Amino acid sequence: MNPSTTADKTATDSPITGLSSAEAEKLLQQYGLNALEEKKVSPLVKLIGYFWGPIPWMIEVAAVLSALVRHWSDFYIIMALLVFNAGIGFWQEFTAGSAVEALKKQLALKARVLRDAQWQEIDAVKLVPGDIIRIRLGDIVPADVKLIDGDYLSVDQSALTGESLPVTKRQGDDVFSGTIAKQGEVVARVTVTGKNTSFGKTAGLVEQAQTVSHFQKAVLTIGDYLIYVSIALVAVLVLVQLHRQVPWLDLVQFALILTVASIPVAMPAVLSMTMALGAVALSRRKAIVTRLESIEEMASMDILCSDKTGTLTQNSLTLGEIETFNNADKQALLLTAALASRAENQDAIDDAILQGLQTKEKFNSFKQIKFVPFDPVHKRTEARIQDPDGKVFHVSKGAPQVIMQLAELSPTDHDRAEQQVNAFAAKGYRALGVARRDDGAANWTFLGILSLFDPPREDSAATIKQARDYGVKVKMVTGDNLAIARQTADELGLGNNILLSDILPDKGAGLAVGDINGGKIEAANGFAEVFPEHKFSIVRIMQGRNHITGMTGDGVNDAPALKQADVGIAVSGATAAAQAAADLVLTNPGLSVIINAIEEARRIFERMNAYAVYRISETIRIMFFVVLAMIFFNFYPITAVMIILLAFFNDIPIMTIAYDQTKLEKDPVRWDMQQVITVATAMGVVGVIGSFGMLLLAMDWLHLSVAQIQTYVFLKMAVAGHLVLFVARTREHFWKRPWPAPIMIWSAVITKVAATLLVAYGFGIITPISWSEIALIWGYSIISALVTDMVKVDVYNFMQHRGHRHRSFLTKLKQSFHTVKPR
């Protein structure tokens with residue numbers, strides 16, 4: 001027997017014929033790709049967009065003011081800055097966008113289609129009207145279709161209609177693109193594709209809003225803070241200088257340029273580039289990021305709920321012991337189980353059973369008339385079979401408890417079956433019940449129990465230990481019974497505190513039970529006999545107890561839990577619906593790639609943390625020094641053109657922080673805004689004091705002219721500012737490992753050599769200074785960086801010590817509360 005024959009027959013036994021490749025190609029030319037039209041903005045329009053907005057406007061106004069006062073050298077340099085910022089922003093967005101687009105292509109929706117009289121898998125975008133496709137549990141329906149074969153299909157069409165409950169569709173019914181198959185397996189004919197589908201016509205109604213992650217909010221908050229500080233200081237400067245009757249055109253031009261230099265212009269580009277590079281790095285490790293911001297959440301994740309089968313175990317089931325009932329023969333029991341399978345579905349259980357058959361000839365002599373696939377609710381398959389003599393009967397296989405209930409066993413047989421299931425479970429075997437019923441008969445006959453063994457993956461125990469070392473607690477989640485779950489958990493070193501799912505509320509029951517049992521659930525090493533709706537409750541309870549929670553899943557019913565989790569992870573072989581709901585899609589089996597994702601996320605966090613510290617300290621250093629120097633000494637310590645040149649020399653090195661080699665934190669990291677602002681402020685204050693020290697040296701010791709002082713201050717700002725980037729990139733002393741990435745070092749060398757040559761020779765742009773003065777600036781800046789580094793380390797140590805004391809106090813407080821028993 002070939003189980004696929006039923007897929008090629010209609011209910012009336014007439015053949016189903018698909019299109020030929022030539023016909024499909026012709027129809028593809030006529031109807032176009034099965035995809036919604038994307039409103040793509042041309043690269044030119046995107047580039048022009050970088051010249052429009054608050055920051056470009058300020059630069060443009062400054063350029064206009066330079067032209068009005070005929071400062072043509074200033075005008076050309078300001079325009080060069082405008083083009084430079086636009087070019088950098090455009091290139092970063094283009095690079096990040098290309099990376100994300102490439103990742104999305106790896107997750108392109110597939111369809112099983114009958115072409116050239118053969119079932120094959122193709123990209124769903126190549127479907128055309130008239131194609132014959134197969135739809136089964138977990139599939140996202142790729143086009144509008146009409147059902148032509150199969151018993152029924154239960155679909156979730158809430159994205160289109162808002163209906164909360166699945167709708168059952170039968171032969172002759174239409175099913176719409178974008179809906180999700182919840183139960184059943186059918187063959188359907190494509191009727192409409194692309195923008196003409198129901199989904200295409202209502203696409204605007206189902207678009208999902210882009211959410212902003214916690215970390216992005218924190219970085220944007222810093223940006224807003226810096227803007228407000230900059231504008232306030234500039235306002236003070238303008239008022240004082242107007243009182244001194246400084247030419248207003250020069251003053252406004254300088255104020256605009258100073259504001260632009262202080263605002264974190266590069267922040268969006270640095271953020272998006274760092275995220276994109278992290279996503280590309282993970283894709284090389286066979287993990288596709290579907291939401292870039294989720295990388296940040298992985299850095300904070302401290303609970304990971306993992307599926308057992310296929311993630312912690314090999315998902316390569318092999319047939320074990322067989323226990324027969326009702327005088328059944330072992331090979332007859334295996335044959336019945338095989339007839340309740342479908343080979344082309346490539347299901348692990350079905351494959352193990354089919355491989356256990358001693359002879360395939362007898363199996364191939366049977367005809368499968370109808371097949372009802374497994375679903376997570378009914379937990380069994382069923383098939384209607386015709387033997388070589390024309391006799392029709394029914395077969396079923398599935399969870400032993402379900403099959404035992406179906407066959408209505410006697411108390412004696414029921415106890416024997418239960419004992420055998422428990423005996424298999426004690427060995428770590430999965431049990432599978434098998435039953436048969438003659439056509440027209442009312443009762444099922446229980447034939448016996450098969451055992452299947454799925455050994456742990458070789459790397460699972462080591463991966464779980466590594467996750468613990470990183471402060472991430474792994475909890476096993478399985479639908480298997482308690483004995484199997486404990487056996488597997490023991491082999492993996494997870495611990496044996498495995499709870500039954502009855503301690504969990506289901507999704508619809510609210511979280512009252514979870515609140516009562518929250519402590520037990522939080523302390524558990526895993527959960528057994530879990531249904532998909534329980535996963536959602538686990539996530540909600542963990543989140544309610546202040547944990548950043550990751551959840552793995554593969555089925556359509558896992559989608560709500562994956563969506564609710566801080567990091568939803570679709571494991572290898574997951575359904576399209578699970579992949580669509582997940583933040584991270586694994587294309588290789590196992591947990592090891594999740595550890596890689598955690599490592600990459602924490603490195604990204606450190607890069608962003610370093611950027612935030614650097615950006616705040618630089619704003620304090622530049623803004624406070626320039627404004628206070630002008631108020632106290634009544635001259636511009638640096639010119640508008642020099643500020644623009646500083647942006648040139650610093651923006652490129654700042655971009656390279658996305659490639660930096662950072663220390664890998666051993667514990668989950670969370671955004672500590674107080675720490676960042678405190679450390680950055682301390683570094684900034686040291687920088688302001690150091691800058692005033694340099695200014696006094698130039699004025700009172702070297703007796704330089706104002707023009708020379710401005711050049712002097714410019715080089716000090718350029719050199720010291722870049723050294724601050726190296727100081728900010730680590731919480732340890734900056735000379736300790738890990739050292740900066742080569743690209744960071746070379747960008748620093750090239751830009752600082754350029755700045756040094758500029759101040760040495762002037763090139764008609766600025767007033768040159770001597771090499772001895774340049775050497776003094778370099779030496780002073782290096783010493784200043786060392787002092788800044790020592791202050792930074794001391795502040796970090798102080799805050800860490802204070803944090804330990806605070807946590808110790810909270811721990812004691814919690815313990816005192818727990819010791820108080822309710823009356």
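**Rings and burial**

Trainee: Phe625 and Phe692: buried or exposed?
Mentor: Phe625 is buried, and Phe692 is buried as well. Buried means under 20% relative accessible area, exposed over 50%, and partly exposed in between (1.4 Å probe, protein chains only). This is a predicted model, where local features need pLDDT of at least 70, side-chain atom pairs need 80 or more, and totals for chains, interfaces and linings use all residues. Residues are numbered from 1 along each chain, and side-chain values use heavy atoms, without hydrogens and water.

Trainee: How many aromatic pairs are there in the whole structure?
Mentor: The search finds 9 aromatic pairs (ring centres of Phe, Tyr or the six-membered ring of Trp within 6.5 Å). In the pair of Phe625 and Phe692, the ring centres are 5.1 Å apart and the planes stand at 75°, so this pair is edge-to-face (over 60 degrees; under 30 is stacked, the rest tilted).

Trainee: And where in the chain do those two residues sit?
Mentor: Phe625 belongs to helix H24 (residues 592-633) and Phe692 to helix H26 (residues 673-701). The pair links distant parts of the chain, 67 residues apart. Helices are DSSP runs (H or I) of at least four residues, numbered from the N terminus.

Trainee: Which residues form an aromatic cluster?
Mentor: Phe424, Tyr429 and Phe453 form one such cluster.

Trainee: Changing topic: which ring does Arg134 lie over?
Mentor: Arg134 lies over the face of Trp119, 4.5 Å from the ring centre. The criterion is NZ of Lys or CZ of Arg within 6 Å of the centre and within 35 degrees of the ring normal.

Trainee: One more: where is Leu757?
Mentor: Leu757 is in helix H28. Leu757 is partly exposed, because its relative accessible area is 37%.
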